[in-house]
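User: Could you take me through one part of this model up close, starting with the backbone, and then carry on to the parts you would look at next? Please say what your terms mean as you go.

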Amino acid sequence: MSKFNTRKTGFDSGIIAGNLTDKAGKYSDYELLRRVTLANMLFESNYYQSADEIMKQIEDLCYKVAGEKIIELALECRFEQKLRHTPLWLLILASEIHDVSVKDALARIANRPDMTIDVLQMLKVRNGSYKMSKSIKKGLAKAFDNYDEYQIAKYRKSNMEMSLVDVVNLVHPKPTAKNEQALKGLVADTLQPANTWETALSQGADKKATFERMIGEKSLGSLAILRNLRNMTEAGLSREYIRTALSQVNSYWLTPLNFLAAQRNAPDYTAAIDEAMEKCFVQEKIKGTTILAIDVSGSMGSVTSSNSKFSRMDLAFAMAAAGSYIFEDLILVFTAGSDGERKGKHMIWNGSKGLGLFTNYSKISLEMGGGGIFTYQLCEWLKENGYAKNAERLVVISDSQDIDAHYGLDRKPDTSPYKASYIIDISTQTHGIKTGNWTAEINGWSDKVFHYIKALEN
C-alpha cells in the first residue's frame, strides 16, 4: 500500500476502457463512484489503470458524493459484491471528507475480526498513524459485538505488524456475553487456539486424520473446503470423503471465482464442485429465455488486478457458469471479432454448461478472433439469426471496449426486441458503454448481479 493524495479533480472526459472512445455514456458522480468501486480490488492495478490512478478517482469522487451515499455504497460493496477492503476504505473517506458517522456501518461491514486490523492498517497508510475519528473508533469497538470466541481465537494473530489484541487495546470494546471470556483470554494471552485445520497441523496432527475428523464434525468452513481439495487428495482422503466435504459447501460469501479456483485445483471433482456451486447460487430461477453474451476479446484475457491469478475472461466464464444455474432458459453466446476489419464474430454455445465450460475455454477464445466487442453488430446478428425473437432479456458481460463505438459510427445496439437488456461491466474503468437503450448498466462480478436483474424486473 502507498499513501494517496486528496486532489479534487473533475471527470470531464468520457473515455471508456482502453482509451478508445472519446464519447461514452453520461454518468452522475455517484454512478461513476459505483463503477470504480463495485468490481475493485483495492490497492491493485488493473489492465487499464494503475492502483494510484484508481485510488485517486475514488477519493476525488467521494468529495462529490454525499457521505450518506458513500456509506450506502460501502454496504453494497460488502454484502452484495462481497468485497473486503474497498468498503472499509469508503467508510474511512466518508468519515474524513464529510465528517459523517460511520459507526453503525463499520460495525456491520467489519463482520470478521481481521477486518478491524485492516481498518487500522489503512489509516496508517493514509495518515501515517493509527489516529482515528470518534465514529471509526466506536464502530470498531461495536464490531466486536459480532464476534464469538471461535472467531476471536481464529483471527487473534496477523501477518501484519498489528494483531487483534492491539485493536482491542486501541478501541476498548465493551464485552458481551458471547465474547467476554475470549476478550479476557486474548488480552491475557491465554486464549486457546481455534479448531481449524491450520491449528491442528501446526500442533503436529496427521493431515489425513485432521481433514477426516473435521469433515465428520462438519467443522471445516466452505471456503476452506474449496481451497483444500488438492491438499485432501495429496493427504490420501478417499473420493467419498472429498465428495462429502463438497456436499457441505454452502456459504453466502462465496463467489464464482472461488469455485473456479477449486475446479482448477481438483478437476476430477468438477461435477461435485458444480453441484456445490449451484446450491450456493440458486435461490429461485430467473424466468423466461435469456441471451447471455460473453465478451471473449483480447483485453478480457488480462488479469482482473495486479495481484490476481484470474483473468477477466476467467471471471466472465465463471459468471456464465453461475448464470447457467440461475437463468431458467439460457442461450449462451460468445462474441469478439476483428478490430482491423471492424467486424464482429459471434457463436452460439450448445456444449457443456457450468464449470464444464472451461474445458473449451481456449478453443472458444481463439475461434472468436480476439478483437474487441461489437455491441451493435452483436444485436443485429441475434435478430438476423432468430435468437432475439423469443428472448425476454439480453445480458452482456464485457469490460466495455466497444469497437463499434470506437470508429465513430452513429449507431446504437438495437435492444428493442427484449423486455430488458443489461451490460454487466466487470472492469473498473471510469466510464463505460452506458447508452439510453440499455435497461441498466450493472457493475460487479459476484452472483448478486444476476439477482439484481431479477429484483429490477420485479
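Analyst: Aspartate 99 sits in the loop that links helix H4 (86-98) to helix H5 (103-109). Helices here are DSSP runs of H or I with at least four residues, strands are E runs of at least two, and both are numbered from the N terminus. This is a predicted model, in which local features need pLDDT of at least 70 and side-chain atom pairs count only at pLDDT 80 or more, while totals for chains, interfaces and linings use all residues. Residues are numbered from 1 along each chain as its sequence is written, and side-chain values use heavy atoms, leaving out hydrogens and water.

In general, most residues other than glycine have a negative phi. Aspartate 99 is also exposed, with a relative accessible area of 69%; exposed means over 50%, buried under 20% and partly exposed in between, with a 1.4 Å probe and protein chains only.

Lysine 218 is exposed, at 65% relative accessible area.

Returning to helix H4, we find leucine 88 there, buried with a relative accessible area of 1%. Contact means heavy atoms within 4.5 Å, and, not counting residues up to four places away in sequence, leucine 88 touches Leu106, Ile109, Met115, Asp118, Val119 and Met122. Leucine 88 and aspartate 118 lie 30 residues apart in sequence, and their C-alpha atoms are 8.0 Å apart in space.

Another loop, between helix H15 (239-247) and helix H16 (256-265), holds threonine 255. Threonine 255 counts as buried, at 7% relative accessibility, and it touches Lys82, Phe281 and Trp445, again not counting residues up to four places away in sequence.

H15 also packs against another helix. The axes of H15 and helix H17 (residues 270-281) come within 9 Å and cross at roughly 15 degrees, which makes H15 roughly parallel to H17. Axes are lines fitted to C-alpha atoms, for helices over the stretch in contact, with angles from 0 to 180 degrees between N-to-C directions. Angles under 35 degrees count as roughly parallel, over 145 as roughly antiparallel, 65 to 115 as roughly perpendicular and the rest as oblique. From H15, the contact uses Arg243, Leu246 and Ser247, and from H17, Ala272, Ile273, Ala276 and Lys279. These residues divide into four nonpolar, one polar and two charged, where Ala, Val, Leu, Ile, Met, Phe, Trp, Tyr, Cys and Pro count as nonpolar, Asp, Glu, Lys and Arg as charged, and the others, Gly among them, as polar.

Last, the strands. Nine of the ten residues of strand E1 (residues 286-295) are buried, so E1 is largely enclosed by the rest of the structure. Strands pair if DSSP finds at least two bridges between them. E1 runs parallel to strand E2 (residues 327-338), joined by eight bridges, with isoleucine 291 opposite isoleucine 331 in E2. E1 also pairs in the parallel sense with strand E4 (residues 393-398) over five bridges, and there isoleucine 294 has isoleucine 397 as its bridge partner.
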